[in-house]
Amino acid sequence: MGFYLTTAIDYVNSRPHLGTAYEKVTADVIARYHRMCGTPTWFVMGNDEHSQNVYQRAKERGLDPIAFCDEMEKVFRDAWAKLDISFDDFIRTTEDRHRAAVSTLVQRIADAGDLYEGEYEGWYCVSCEAFKQDKDLVDGCCPVHPTRKPDWIKEKNHFFRLSRYRDPLLAHYESHPEFLQPEVRRNEMLRLLEGGLEDISVSRTGQSWGIPLPFDPSSVVYVWFDALINYIAAVGYGTDDALFAKWWPAQVHIVGKDITRFHTVVWPAMLMSAGVELPTQVFGHGWVHWQGQKMSKSLGTSVDPLEAADRLGPDPLRLYLTKEIAFGQDGDFTWERFEEQYNVDLANNLGNLVNRVAVMAHKYRDGRLTSPEGTASALATRAEEVVGRYRVAMDEHRLHLGMALAFELVDATNEHIARTEPWTLARQPEQASALDRVLFDVAEAVRIAAVLLWPAMPSSCTEMLRRMGGDGPPTDVSVDAAWSEQARTLIKGAPLWPRIERPDPEPAEDASGPGPKGAERTMSNESDASAPQVPTGDEPPPAETPAPEPVDEGPRVSFDDFLKVELRVARVRAAEPIPKSKKLLKVTVDVDGVERTLVAGIARAYEPDALVGRSVVIVANLEKAKLMGVESNGMILAATDPDGNPVLLTVDDPEAAPSGARVR
Ligand code: MSP
């Protein structure tokens with residue numbers, strides 16, 4: 001079966017920003033992953049052109065709207081090309097195939113008796129292109145567009161009997177739990193449906209910019225009713241039956257959480273009315289934030305994705321967006337974190353490993369690694385296990401977890417090198433075959449890591465695969481084929497991701513605006529900076545700090561500095577005392593499907609068994625530390641009672657804020 005996926009189509013009144021680019025990048029990662037698994041895939045994106053904002057912007061520029069849209073098509077296509085977005089088709093709502101599909105579908109809805117004439121009087125937010133009720137407004141404005149007052153409109157419209165579809169929609173949600181993901185979005189929509197649905201206005205009068213209603217050419221189709229139809233128009237609805245049969249229904253529509261309602265209430269009701277099969281799934285992703293707010297052109301909080309791609313390269317940007325923001329939740333972008341992540345993950349870790357493996361292969365074996373004797377090491381078993389978990393994560397669109405798993409394999413490979421010490425084996429001629437094995441195993445592990453990361457970093461991973469002796473992009477990551485024992489020749493090369501040096505580390509981020517700041521991407525010899533800095537004191541973590549500080553005194557931290565501390569919800573899986581310690585417990589927690597161990601100074605206040613199953617808050621990006629010989633990867637947050645005992649911070653509603661949820 002094929003895999004047809006789509007993104008939302010963008011309004012073209014302004015250029016793409018990093019928030020809209022985020023959606024396209026993550027959808028591209030999904031598309032590339034499915035192609036890599038050998039599934040026939042069809043990935044469609046496009047532009048939403050019949051909006052009033054587009055019309056107004058064209059008029060401001062003194063252009064015919066279609067000429068303006070043509071210009072903007074190039075702007076969008078250029079941006080997506082720069083970010084390496086591999087769509088198979090790009091649809092514009094002014095194309096003939098789209099007009100044909102709109103006319104056909106709207107006529108079928110009318111034939112089903114689901115359209116009637118009425119009068120609409122109420123608010124309309126032009127930025128959302130949506131009718132609003134008083135209860136939807138905050139201080140008289142739509143909460144997503146607080147800088148622009150909605151218009152009060154009164155006009156004769158055609159209405160769609162949306163109310164008729166409440167029960168069929170609820171039944172569909174019930175029988176198809178996968179229809180709307182992630183779970184938090186599904187719950188929101190279920191609550192909305194349970195509250196009842198009202199009919200909606202689906203035409204506008206007095207406007208020329210839009211698609212005329214087939215049975216009333218004096219009205220145009222409401223822009224959302226028009227835009228949603230792009231998903232079937234792009235695969236031939238009303239124009240190419242064979243194409244439509246080949247790809248429809250879509251496996252997934254990837255859209256932002258602000259427009260989930262249109263996609264999971266209005267769109268399926270339209271399809272039900274017209275007798276067209278529903279898409280299998282709608283995935284409502286979160287927002288990219290800038291300084292705590294939705295990144296948005298109208299809010300003045302947008303970052304130019306092209307500037308970000310120019311700064312460190314499209315692949316590092318794609319990796320940041322995929323790995324650092326849990327797909328389905330909101331996440332932050334700051335230049336500082338982007339650069340930090342680049343240094344940590346790419347320059348210091350992965351880039352360093354690729355280089356080390358190729359250099360060792362050349363130093364000890366002239367680059368040629370023959371199929372080694374004996375069975376593969378534990379690294380092979382680890383790689384297969386990682387690939388298995390990666391596939392589950394990626395199939396469920398847990399993209400951030402998929403990327404984190406690839407880096408687990410990178411870490412395991414680094415550990416394997418440290419444990420086996422190839423440089424020592426190289427000094428012992430009788431260990432020649434053991435050295436062959438190590439060199440081969442680490443090269444193979446790096447190859448697999450490159451395959452797993454390829455959907456997010458296609459061009460750098462293709463280069464990694466070449467350096468590891470492969471030829472071109474991956475076509476298969478099936479678990480069975482994960483580990484290969486084929487001989488290969490490794491290629492050395494310049495660092496894939498030169499480390500960035502900040503000439504002046506002081507003013508890390510200018511809080512006044514979203515432009516890139518003064519970091520220099522320079523070559524550095526400090527590749528050893530990759531070694532994790534592991535403090536080895538036996539002191540318990542700060543959960544035990546007793547004396548409360550006065551709250552209103554002392555220096556303040558900037559919001560950006562605060563965001564550097566990654567607080568996340570974690571679910572306790574297991575806890576046990578640490579021998580010879582009265583204060584410390586070894587606690588295993590789950591953070592969005594990935595287990596980690598922490599050491600917490602809470603033994604005096606909590607029995608280990610009483611912790612299991614609780615949802616706590618942890619600092620997820622604290623440097624690792626060894627406490628009483630146990631490695632602690634993070635810190636559990638606790639308040640301190642007047643006697644100096646820790647009191648854990650727990651989560652009020654662990655279903656609403658599941659393990660991995662960001663806390664701020
Ligand atoms: N044209 C409509 C969609 C019609 S789909 C039939 C629209 N366009 S948009 O240009 O405003 O947004 C396009 C997509 O980008 C939407 O899915 C929206 O949620 C997403 N994003 C816009 N800002 C965003 C962030 N700051 N972060 C993540 N996604 C964001 O809505």
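Me: Phe 333 and Trp 335: buried or exposed?
Reply: Both Phe 333 and Trp 335 are buried. Keep in mind that this is a predicted model.

Me: What kind of aromatic pair do Phe 333 and Trp 335 form?
Reply: Their pair is edge-to-face. The ring centres lie 5.3 Å apart, with 80° between the planes.

Me: Why those two values?
Reply: A pair of aromatic rings is described by how far apart the centres are and by the angle of the planes.

Me: OK. How many aromatic pairs does the structure hold?
Reply: There are 26 aromatic pairs. One of them is Tyr 124 with Tyr 222.

Me: Why is the pair of Tyr 124 and Tyr 222 edge-to-face?
Reply: The planes of Tyr 124 and Tyr 222 meet at 75°, so the pair counts as edge-to-face. The cut-off for that label is over 60 degrees. Their ring centres are 6.4 Å apart.

Me: Where in the chain are Tyr 124 and Tyr 222?
Reply: In distant parts, 98 residues apart. Tyr 124 belongs to strand 5, residues 115-125. Tyr 222 is in the loop between strand 12 (216-221) and helix 7 (223-228). Both Tyr 124 and Tyr 222 are buried.

Me: Which charged end sits over the ring of Tyr 124?
Reply: That of Arg 204, at 4.4 Å from the ring centre. Elsewhere, Lys 257 lies over the face of Trp 287, with 4.5 Å to the ring centre.

Me: Which residues do ring pairs link into a cluster?
Reply: Tyr 4, Tyr 231, Tyr 237, Phe 244, Trp 248 and Trp 267.

Me: New topic, the core. Which residues touch the most other members of the largest nonpolar core?
Reply: Phe 333 and Leu 350 do. This core has 106 residues. Helix 17, residues 432-453, gives the most to it: 14 residues.

Me: And what is Leu 350 in contact with, leaving aside its neighbours in sequence?
Reply: Beyond four places in sequence, Leu 350 contacts Asp 345, Phe 407, Val 410, Leu 453, Met 457, Met 464 and Trp 497. There is also a second, separate core of 69 residues. Ile 9, Cys 142, Val 255 and Val 265 are among its members.

Me: Ligand next. How many residues surround it?
Reply: 26 residues do. The closest are Ile 9, Glu 23, Asp 48, Asp 258 and Met 295.

Me: Now Asp 199. Where is it found?
Reply: Asp 199 is in the loop between helix 6 (183-194) and strand 9 (200-201).

Me: Why is Asp 199 called partly exposed?
Reply: Asp 199 has a relative accessible area of 22%. Buried would need under 20%, and exposed over 50%, so 22% falls in between.

Me: Which side chains does Asp 199 make polar contacts with?
Reply: With the side chain of Tyr 116, at 2.6 Å. The side chain of Ser 163 is another partner, at 2.6 Å. Asp 199 and Ser 163 are 36 residues apart along the chain, but their C-alpha atoms are separated by 5.3 Å.

Me: Last one: how many helices and strands?
Reply: The protein has 20 helices and 31 strands. Of its 664 residues, 54% are buried.

How values were computed: Residues numbered from 1 in each chain as written. Predicted model: local features only at pLDDT ≥ 70, side-chain atom pairs only at ≥ 80, totals over all residues. Heavy atoms only, no water. Core = buried A, V, L, I, M, F, W, Y, C linked by side-chain atoms within 4.5 Å. Buried < 20%, exposed > 50% of the residue type's maximum accessible area, 1.4 Å probe, protein only. Helix = DSSP H or I, 4+ residues; strand = E, 2+ residues; numbered from the N terminus. Contact = heavy atoms within 4.5 Å. Polar contact = N/O pair within 3.5 Å; in protein donor to acceptor, adjacent residues only side chain to side chain. Phe/Tyr/Trp six-rings, centres within 6.5 Å; stacked < 30°, edge-to-face > 60°. Lys NZ or Arg CZ within 6 Å of the ring centre and 35° of its normal. Near = heavy atom within 4 Å.
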